[in-house]
Amino acid sequence: MAYLLAAILLLACASCINAQRTLVLLESAVVRESHSNFFSMLSDAGFTLKFAMADSPSLSLQRYGERIFDHLIVFAPSVEKFGGSLSTETLVEFLDNGGNVLIAGSSDIGEALQDFASEVGFEFDDTGNRVNDHISNADDDHTLITSKNLIDVDVMTGGKQAKPILFRGIGMIADDENELTVPVLRASSTAYTGDADGVASGDSLALGRAVILVGAMQARNNARVVLAGSIDMFSNALLSHSDGSNNAFVKAIALWCFQERGQLRSGTALHHLVGENSGLHEYTIKQDVEYLLPIEEKMNGKWVPFTGKDVQLEFVRIDPFVRTTLKNVNGIQQTQFKLPDVYGVFQFRVDYVRPGYSEIHNVQQVSVRPLRHTEYDRFIPTAYPYYTSAFSMMAGLFLFSIVFLHHRA
């Protein structure tokens, strides 16, 4: 019995460790009820949610230098200052430590979210403004706009939706110099930013498709951020709206943000001579080598072989001497090629960077040496004419000597 209880406790502890700890910051307790369907979806997906007020004095994302949460959701658009130890700086530090952040704003967006957005390459519109559209809207409400302008990355958006995405909130733009930002959902060409009455000012943030409704950023450590200008798009009312596809979209983008979609990992890279199994740290020029790299993708909580067919390998000294696309065989990316006729220190290098997927960087360093003096060909085919000339001269001298010695006048 004691062993059975110990096993049960061990399984319970293991499930607690594997559960993805998520802190949800709310503006008021009403949001927990009005967005209950979204939170239930996350709970069903295996996330452990802890709810707190955004201005609570006890807020903290780490303890003793370690993260106590894996993900952060901020559904408090108008917060001017976070409570406890939270600030823009601590949120950026949370990202640097591998945490993921999902933020939803509104036309009443506060300074705290605006400051954080600027840190990750986005700029929200001014407080009080919102996105209006008198053509593409729902329920004859010019502030409840519709859009199908999704980025063509199914792993982030869940694929093409039959119905448009419903949005009510504030727009934003991306920093053109930040190559990590990704506009996930853009407004339609008839949209513009203005006040609640639909009046556009002369210095509008953006017009038409330049208005970003949902943006994302994947840091170089593969931590992810999703910024949505509308907290209403996650609400029960819009998730169940008959004219929209919000339910499928917000589920896909949330799971992507929390590393449940588009996450890749690579195994140990192997390289060896063709026909052999043991790897080497030193090769000889012009040898035939084989390279293999297993890559897996996380789908539905399980790691499965990656099906991508666009992974490339470079064999690099300073510049690439060989660049080839790897062949995918049940998730094992592999290829064979001949080493260049150049010796030195080389690297087998795979840099896989694709929108929506975590980055794969794999580097293996080897030496390539020239031929030893005993490894050169004994006879070179291109020198056969010279060999023939030398032996013909020897034969001619031999015949001349016989004739000279035995000829009598």
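Let me start with a convention on residue classes: Ala, Val, Leu, Ile, Met, Phe, Trp, Tyr, Cys and Pro count as nonpolar, Asp, Glu, Lys and Arg as charged, and the others, Gly among them, as polar. Please also keep in mind that this is a predicted model.

With that convention, I turn to the second largest pocket. Its lining has six nonpolar, two polar and four charged residues. Which residues line the second largest pocket? They are Glu179, Leu180, Val182, Gln218, Arg220 and Trp256, together with Val353, Arg354, Pro355, Gly356, Tyr357 and Glu359. The space in this second largest pocket comes to about 230 Å³.

The largest pocket, for its part, has a volume of about 550 Å³. It is lined by 27 residues, and Leu255, Gln259, Glu260, Arg261 and Lys298 are the closest to its centre. Two or more lining residues are given by each of helix H6 (154-157), helix H8 and strand S21 (288-299). Of these, H8 supplies the largest share of the lining, namely four residues. By class, the lining of the largest pocket consists of eight nonpolar, 13 polar and six charged residues.

The largest nonpolar core has 44 residues, and within it Phe38 and Phe75 touch the most other members. Helix H8, residues 246-257, gives the most to this core, with seven residues. Leaving aside residues up to four places away in sequence, Phe38 is in contact with Ile73, Phe75, Leu102, Phe234, Asn236, Leu239, Val250 and Ala254. Another core, of 35 residues, lies apart from the largest one, and its members include Leu23, Phe116, Ala117 and Val225.

Phe116 and Ala117 bring us to helix H5, which spans residues 111-119 and in which Ala112, Leu113, Phe116 and Ala117 are buried. Why do the buried residues of H5 line one face of the helix? Seen down the helix axis, the buried residues of H5 fall within an arc of 130°, and they therefore line one face. Their cover includes strand S5 (71-75), helix H4 (88-96), strand S6 (100-104), strand S7 (122-124) and strand S17 (224-228). After H5 comes Gly121, which has a positive phi, near 95°.

Positive phi values also occur in residues other than glycine. Lys286 has a phi near 70°, and this residue sits in the loop between strand S20 (282-284) and S21. Asn330, likewise not a glycine, has a positive phi of about 55°. Its place is the loop between strand S25 (327-329) and strand S26 (332-338). Is Asn330 buried or exposed? Exposed means over 50% relative accessible area, and Asn330 counts as exposed because its relative accessibility is 69%.

Finally, consider Ala237, which belongs to helix H7, residues 236-239. With a relative accessible area of 53%, Ala237 is exposed as well. Its C-alpha atom is separated by 27 Å from that of Gln20, a residue 217 places away along the chain.

Thank you for your attention.

Note on methods:
Residues numbered from 1 in each chain as written. Predicted model: local features only at pLDDT ≥ 70, side-chain atom pairs only at ≥ 80, totals over all residues. Heavy atoms only, no water. Buried < 20%, exposed > 50% of the residue type's maximum accessible area, 1.4 Å probe, protein only. Arc of directions from axis to C-beta. Contact = heavy atoms within 4.5 Å. Core = buried A, V, L, I, M, F, W, Y, C linked by side-chain atoms within 4.5 Å. 1 Å grid on protein atoms, 1.4 Å probe; cavity = no way out; pocket = protein on both sides within 12 Å on 5 of 7 lines; lining within 4 Å. Points joined across faces, edges and corners; volume = space filled by probe spheres on them.
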